[in-house]
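Student: I have a structure to read and would like to go through a few residues. Can we take them one at a time?

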Amino acid sequence: FANKSGSAEAVRILNTGGITFNGDTATANALNDYEEGSFTPTYQTGLSSPSYSGTGGHYTKIGQLVTFTIRINATGTNSSGHLQVGGLPFSANAHNEGSVSFGYTDNVNGSNGLTGHIGENNSKISMYQFSGSNFNGNSGNGISGRTLHMRGFYYTDS
């Protein structure tokens, strides 16, 4: 397909699958996967017997890159377990790890030093303090009844 002026190729549909742009013919550069959807994040550890309200997640997958947003709120019993959020739509691949940042942490003590990590071959987020130590469900004033808004990315082989 040509561009508006008709003088140069703008888009090519490869017979091997995928779309390339501006005359590129390399299969490795082709856009061959795009997906959007929703998922339900859950506390895997750090909160016992959770009861969720207003919780949800959305993702966009382009090729191997997955970007996501999460809002999670639950009540339950704060525990001393490492706080982990599961339910990501795909597992991270074995070559890259994922990163999570926070948009809102609902008065969680230590939240100015809270970060998330998605390990290789995992579909969960592990919470850490900037010091490197685990952030547990009962850290600070606890996670029960608190709302976390997270955004992040990781790479998958799915």
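**Contacts and backbone angles**

Student: Leaving aside neighbours within four places in sequence, which residues is T20 in contact with?
Tutor: The model is predicted, so local features need pLDDT of at least 70 and side-chain atom pairs pLDDT 80 or more, while totals for chains, interfaces and linings use all residues. Residues are numbered from 1 along each chain as its sequence is written, and side-chain values use heavy atoms, without hydrogens or water. Contact means heavy atoms within 4.5 Å. Beyond those neighbours, the contacts of T20 are A10, V11, R12, L14, A26, N29 and A30.

Student: Is T20 buried or exposed?
Tutor: T20 lies in strand β2, residues 19-21; a strand is a DSSP run of E, at least two residues, numbered from the N terminus. Buried means under 20% relative accessible area, exposed over 50%, and partly exposed in between (1.4 Å probe, protein chains only). T20 has 1% relative accessibility, so T20 is buried.

Student: Which backbone oxygen does the side chain of T20 reach?
Tutor: The distance is 2.5 Å. The backbone oxygen belongs to D24.

Student: What is the phi of D106, and is D106 buried or exposed?
Tutor: D106 sits in the loop between β9 (98-104) and β10 (114-118). D106 is not a glycine, yet its phi is positive, about 45 degrees. Its relative accessibility is 18%, so D106 counts as buried.

Student: Is N121 buried or exposed?
Tutor: N121 is in the loop between β10 and β11 (124-129). N121 is a residue other than glycine with a positive phi, near 60 degrees. Its relative accessible area is 52%, so N121 is exposed.

Methods: Helix = DSSP H or I, 4+ residues; strand = E, 2+ residues; numbered from the N terminus. Polar contact = N/O pair within 3.5 Å; in protein donor to acceptor, adjacent residues only side chain to side chain.
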